[in-house]
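Here's a quick briefing to read with the model open beside you.

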Amino acid sequence: MDQAIEIARQAIATGDVPVGAIVVNNAGEIIGQGSNEREANNDPTAHAEIVAIRSAASRIKNSRLDGCTLIVTLEPCAMCAGAIAQSRILNLIFGAWDEKAGAVGSVWDVIRDPRALHKVNVTAGIRESECAKLLTDFFEGQR
């Protein structure tokens, strides 16, 4: 989570919402990382999770991230939850809950829906207050 938080902090300089994500393989190596790049790239799909998943898939030259773990500072939205399932990530670890758009338990639970074809192990609330503070501070600065 340290690395994901640092990536989120760096995203503040771009004007994007500070969310950071990393993908770790089953050997513990970081194979992908990303921050929100929506504003920087004018791309509504450039959430931190999507950027990290694309980075990891490109690096290993495989669309399936079997056995990998995604660590992200904010609960994924519905789009990102779908991408996590489609990439076959095994484990998801996230920090802060997203009470407005979260899709891993807050608003929806896309990943743990019993009808889902792929099962993802979820660990939530890791360094939750620290991850949430990044977002709170960012949005207070926007007002």
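**Overall build**

With 143 residues, a compact globule would have a radius of gyration near 15 Å, and the chain agrees with that at 14 Å. That radius is taken over C-alpha atoms, and the globule rule is 2.2 Å times the number of residues to the power 0.38. Keep in mind that this is a predicted model: local features need pLDDT of at least 70 and side-chain atom pairs count only at pLDDT 80 or more, while totals for chains, interfaces and linings use all residues. Residues are numbered from 1 along each chain as its sequence is written, and side-chain values use heavy atoms, with hydrogens and water left out.

**Fold and packing**

- The chain has five helices and five strands, counted as DSSP runs (helices H or I, at least four residues; strands E, at least two) and numbered from the N terminus.
- Along the sequence, the order reads α-β-β-α-α-β-α-β-β-α.
- The C-alpha atoms fill a box of roughly 40 × 30 × 25 Å along the principal axes.
- Buried residues make up 44% of the 143; buried means under 20% relative accessible area, exposed over 50%, and partly exposed in between (1.4 Å probe, protein chains only).
- Taking contacts (heavy atoms within 4.5 Å) between residues at least 6 apart in sequence, 54% join residues at least 24 apart.

**Helix α1**

- In α1 (residues 2-11), the buried residues are A4, I5, I7, A8 and A11.
- They cover an arc of only 160 degrees around the axis, so they sit on the same side of α1; the arc is that of the directions from the helix axis to the C-beta atoms.
- An α-helix has 3.6 residues a turn, so residues three or four places apart point the same way.
- The buried residues of α1 pack against β1 (20-24), β2 (30-35), β3 (69-74) and α5 (128-142).
- Exposed D2 and Q10 are on the face of α1 turned away from its buried side.

**R59**

- R59 belongs to helix α3 (residues 48-60) and is exposed, at 54% relative accessible area.
- Leaving aside residues up to four places away in sequence, R59 touches I30 and I31.
- R59 and I31 are 28 residues apart along the chain, with 6.7 Å between their C-alpha atoms.

**W108**

- You'll find W108 in the loop between β4 (91-96) and β5 (121-123).
- W108 counts as partly exposed because its relative accessible area is 48%.
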